[in-house]
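Here is a short briefing to read alongside the coordinates.

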Amino acid sequence: MTSTFILLFFFQCCCVSGQLLLRYNFSPLADLALKASVDEVNRQSSSFNLQRPTSRVVQQITLVRDNTYDILLDFGIKETVCLKFARRSHMDSCLFKRGRFASQESCSSLVRVGSMSVAPLAISCIADTAALGSSSESSSEEVIIRGTGQTPLGSFSPGIILCQGELDCSRLLL
């Protein structure tokens, strides 16, 4: 009886809106997911120059198994002056390309982050035509899919959703 009361008290204190609040900082996992996503975009892109992230928003974190999470990211990338074949230890040292012809893209990715691996499941990028100074309304979309199964960005593996939406996830990224 006492253990049941303690367990119920614990869940009542720790639950908000039916979701268990975890005192865990997911920021390192989100950073790994972003790095894996940008690396995959650079690997698959037909551009000669490296892309570098400009922004990151975590939309959802889902616990799939013990220490394995699916992280849904929205992020921006911009072309740098660094060439792909010139391997750099720190991409942060690559300056962004300036001018009208510097490509900029808005991307979304679904990345599985585990204790032993980080694997982008799906990545989708749309060119930002406003950044190119184009007056046309057209935009191009490049879909990059990695992995054995093609997982659309709208589908997730069954699991426990730890956060959903920018405001809900931001408290877990502190």
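In this predicted model, a polar atom of the threonine 80 side chain lies 3.3 Å from the backbone nitrogen of cysteine 82. Cysteine 82 is in turn bonded to cysteine 94 through a disulfide, and the structure holds three disulfides.

**Around threonine 80**
- Threonine 80 sits in strand β4, which covers residues 68-83.
- Its relative accessibility is 0%, so threonine 80 counts as buried.
- Leaving aside residues up to four places away in sequence, threonine 80 touches Asn49, Leu50, Gln51 and Arg52, together with Cys94, Leu95, Phe96 and Lys97.
- Cys94, one of those neighbours, is the disulfide partner of cysteine 82.

**Cysteine 82 and cysteine 94**
- The sulfur atoms of cysteine 82 and cysteine 94 are 2.2 Å apart.
- This pair links distant parts of the chain, 12 residues apart: cysteine 82 belongs to strand β4, while cysteine 94 belongs to the loop between β4 and β5 (104-113).
- The S-S torsion of cysteine 82 and cysteine 94 is about -110°, so this disulfide is left-handed.
- Cysteine 82 is buried at a relative accessible area of 5%, and cysteine 94 is buried at 0%.

**Cysteine 107 and cysteine 125**
- A disulfide joins cysteine 107 to cysteine 125, with 2.1 Å between the sulfur atoms.
- Because cysteine 107 lies in strand β5 and cysteine 125 in strand β6 (residues 118-127), the pair ties together parts that are 18 residues apart in sequence.
- With a torsion of about 110° around the S-S bond, the disulfide of cysteine 107 and cysteine 125 is right-handed.
- Cysteine 107 counts as buried at 3% relative accessibility, as does cysteine 125 at 1%.

**Cysteine 163 and cysteine 169**
- Cysteine 163 and cysteine 169 form a disulfide with their sulfur atoms 2.1 Å apart.
- The torsion about the S-S bond of cysteine 163 and cysteine 169 is about 90°, so the disulfide is right-handed.
- Cysteine 163 is buried at 0% relative accessibility, and cysteine 169 is buried at 0%.

**Disulfide pattern**
- Counting bonded cysteines along the chain, the disulfides pair as 1-2, 3-4, 5-6.

**Confidence to keep in mind**
- The protein chain has a mean pLDDT of 76, and 67% of its residues reach 70 or more.
- Over residues 3-22, pLDDT stays under 50, and the model has 14 contacts beyond four places in sequence for them.
- Over residues 146-150, pLDDT also stays under 50, with six contacts beyond four places in sequence.

Definitions and conventions:
Residues numbered from 1 in each chain as written. Predicted model: local features only at pLDDT ≥ 70, side-chain atom pairs only at ≥ 80, totals over all residues. Heavy atoms only, no water. pLDDT = per-residue confidence, 0-100. Contact = heavy atoms within 4.5 Å. Helix = DSSP H or I, 4+ residues; strand = E, 2+ residues; numbered from the N terminus. Buried < 20%, exposed > 50% of the residue type's maximum accessible area, 1.4 Å probe, protein only. Polar contact = N/O pair within 3.5 Å; in protein donor to acceptor, adjacent residues only side chain to side chain. Disulfide = S-S within 2.5 Å.
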